[in-house]
Amino acid sequence: MSSSTQPALVSIPPSSRKSLVTTLVQELEGRIEDGRLKPGDRLPSEAVLAISAGVSRTVVREAVASLKAAGLIETRQGSGAFVLEAPKKQVFLGGIERATVEDILSVLELRLAVEVECAALAAARRTDEDIAALDRAIAAMSASDSFSDAGVSADLAFHHALARATGNAYFVEFLKYLGEFAVPRRHMVGRTKNLGDVGAYMAMVDAEHRAIRNAVAAQDSALAAAAMRGHLAGSRARYSTLIKAGSAAT
């Protein structure tokens, strides 16, 4: 397990509307989630973080305390703060491995009620780093088998980056609570024949993600909300075809 200090430092835009503590927490949390900070890595020192982020040491201490409370890091006397292994995800609806298509449709309906507003807020509040995080997630999705662990993780990273861009930590916590229910397709592999051409299906999903990203980058809240609504409603419609196909086969 590595114990080297990460050289990449954080930067908080002076125009950010988010609180300084929340912004620093989300920046470090994002680096942990996307692998730039790995288990065993030591965070930069309090002084270095304060200088690189342009905040006080008090802000850094509060951010570190928040990450520690979330189980993402541990502090060691005289050594600093270190990234921990990812905590186990909460079990939701008994575990996605046992989920029915009806369960997935219900969760997508729930996400529609939350993530449309999330996209609108992200467009209003996003920073350049938020857009960079969305771009990294899209690139990772394009480079991965969409039904693999890497593909699902990249899809989750996209939605988590969007949630962080709102500056409201509860959007992030909501997606964490859903876990892989937020991206259920890996557990639908045996049913993908009912979705038709999988390549065309994933190209459609990619286009939907890019539409959301572009609207957020343009800081167009109405367009971002519409793009997210189209994405989630489209996903719900696609999974609905599985129910119909399954019913026809019985």
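Analyst: The account below begins with the helix and then turns to the core. This is a predicted model, in which local features need pLDDT of at least 70, side-chain atom pairs count only at pLDDT 80 or more, and totals for chains, interfaces and linings use all residues. Residues are numbered from 1 along each chain as its sequence is written, and side-chain values use heavy atoms, with hydrogens and water left out.

Helix H5 covers residues 128-142, 15 residues in total; helices here are DSSP runs of H or I with at least four residues, numbered from the N terminus. From its first C-alpha to its last, H5 reaches 21 Å, close to the expected 21 Å, where the expected span is 1.5 Å times one less than the number of residues.

Its buried residues are Asp130, Ile131, Ala133, Leu134, Ala137, Ile138 and Met141; buried means under 20% relative accessible area with a 1.4 Å probe, protein chains only. Seen down the axis of H5, these residues fall within an arc of 155 degrees, so they line one face of the helix; the arc is that of the directions from the helix axis to the C-beta atoms.

Leu134 is also among the residues that touch the most other members of the largest nonpolar core, which has 34 residues. Such a core is a set of buried Ala, Val, Leu, Ile, Met, Phe, Trp, Tyr and Cys residues joined through side-chain atoms within 4.5 Å. H4, H5, H6, H8 and H9 each supply at least two residues of this core, and the largest share, 10 residues, comes from H4. Val216 touches residues including Ile131 and Leu134, contact meaning heavy atoms within 4.5 Å.

Conventions:
Buried < 20%, exposed > 50% of the residue type's maximum accessible area, 1.4 Å probe, protein only. Lists of a residue's contacts leave out its neighbours within four places in sequence.
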